[in-house]
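Here are my notes for your first look through this model. Please keep the structure open and find each residue as you reach it.

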Amino acid sequence: MAVVVKYVVERNGVERMTFTTKKEADAYDKMLDIAESLEMMLEKVDVPLSEQQIESLALEIAKSKDDFINVLKGAKDVAPAKAAPAKTKKTAESVADLKASTDKAAS
């Protein structure tokens, strides 16, 4: 029998992702923290966005934070986005599912 160590990232009682190294789990958890902070900022902007759009946008910005930081610092050359439509859709659905389960738990 083998012993396997797993690091689980959990948000609001919901298991988000499992990793084999603490470093990867910490990085993912930090990315989720950034996305959460971005959501709060995006809710205040004067652009009509749905709740799901805000969540998806915040998560995508958090995933590519280094590119966004470079642009905000005035960099001209930005690496092209690595588009993965199926993955993006899945991520958006996961975020929506997480938000829905959180809303139900709060009720």
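1. Start with Leu49. This residue sits in the loop between α1 (22-43) and α2 (51-63). The model is predicted, so please keep that in mind throughout. Is Leu49 buried, partly exposed or exposed? Leu49 is partly exposed, because its relative accessible area is 30%.

2. Leu49 also belongs to a nonpolar patch on the surface.

3. Now turn to the inside. The largest nonpolar core has 14 residues. Val9, Tyr28, Met31 and Leu32 touch the most other members. Which elements give two or more residues to this core? They are α1 and α2. The biggest share comes from α1, with seven residues. In soluble globular proteins, nonpolar side chains tend to be buried together.

4. Look for aromatic pairs next. The whole structure holds one. Its partners are Phe19 and Tyr28, with ring centres 5.4 Å apart. The planes of these two rings meet at 50 degrees, so the pair is tilted. Phe19 is buried, with a relative accessible area of 15%. Tyr28 is buried too, at 17% relative accessibility.

5. Then consider charge. The salt bridges number six. Arg11, in strand β1 (residues 7-11), deserves a careful look. Why does Arg11 count as buried? Its relative accessibility is 12%, and buried means under 20%.

6. Asp29 forms a salt bridge with Arg11, at 2.9 Å from N to O. Asp29 lies in helix α1 and Arg11 in strand β1, so this pair ties together parts that are 18 residues apart in sequence. Asp29 is partly exposed, with 28% relative accessible area.

7. Asp33 meets Arg11 in a salt bridge as well, at 2.5 Å from N to O. Asp33 is in helix α1, so its pairing with Arg11 in strand β1 ties together parts that are 22 residues apart. The relative accessible area of Asp33 is 38%, which makes this residue partly exposed.

8. Glu36 is another partner of Arg11, and the closest N and O atoms of this salt bridge are 3.3 Å apart. The pair links distant parts of the chain, with Glu36 in helix α1 and Arg11 in strand β1, 25 residues apart. Glu36 is partly exposed, at 42% relative accessible area.

9. How are Arg11, Asp29, Asp33 and Glu36 joined into one network? The link is made by salt bridges that share partners.

Note on methods: Residues are numbered from 1 along each chain as its sequence is written. This is a predicted model: local features need pLDDT of at least 70, side-chain atom pairs count only at pLDDT 80 or more; totals for chains, interfaces and linings use all residues. Side-chain values use heavy atoms; hydrogens and water are left out. Patches are made of residues with over 30% relative accessible area and no salt bridge: like charges are joined within 9 Å, nonpolar side chains (Val, Leu, Ile, Met, Phe, Trp, Tyr) within 5 Å. Accessible areas come from the Shrake-Rupley method with a 1.4 Å probe; for residues, only the protein chains shown count as cover. A salt bridge is a side-chain nitrogen of Lys or Arg within 4 Å of a carboxyl oxygen of Asp or Glu. Helices (H or I, at least four residues) and strands (E, at least two) are DSSP runs, numbered from the N terminus. Buried means under 20% relative accessible area, exposed over 50%, partly exposed in between (1.4 Å probe, protein chains only). Rings of Phe, Tyr and Trp (its six-membered ring) pair if their centres lie within 6.5 Å; planes under 30 degrees apart count as stacked, over 60 as edge-to-face and the rest as tilted. A nonpolar core is a set of buried Ala, Val, Leu, Ile, Met, Phe, Trp, Tyr and Cys residues joined through side-chain atoms within 4.5 Å.
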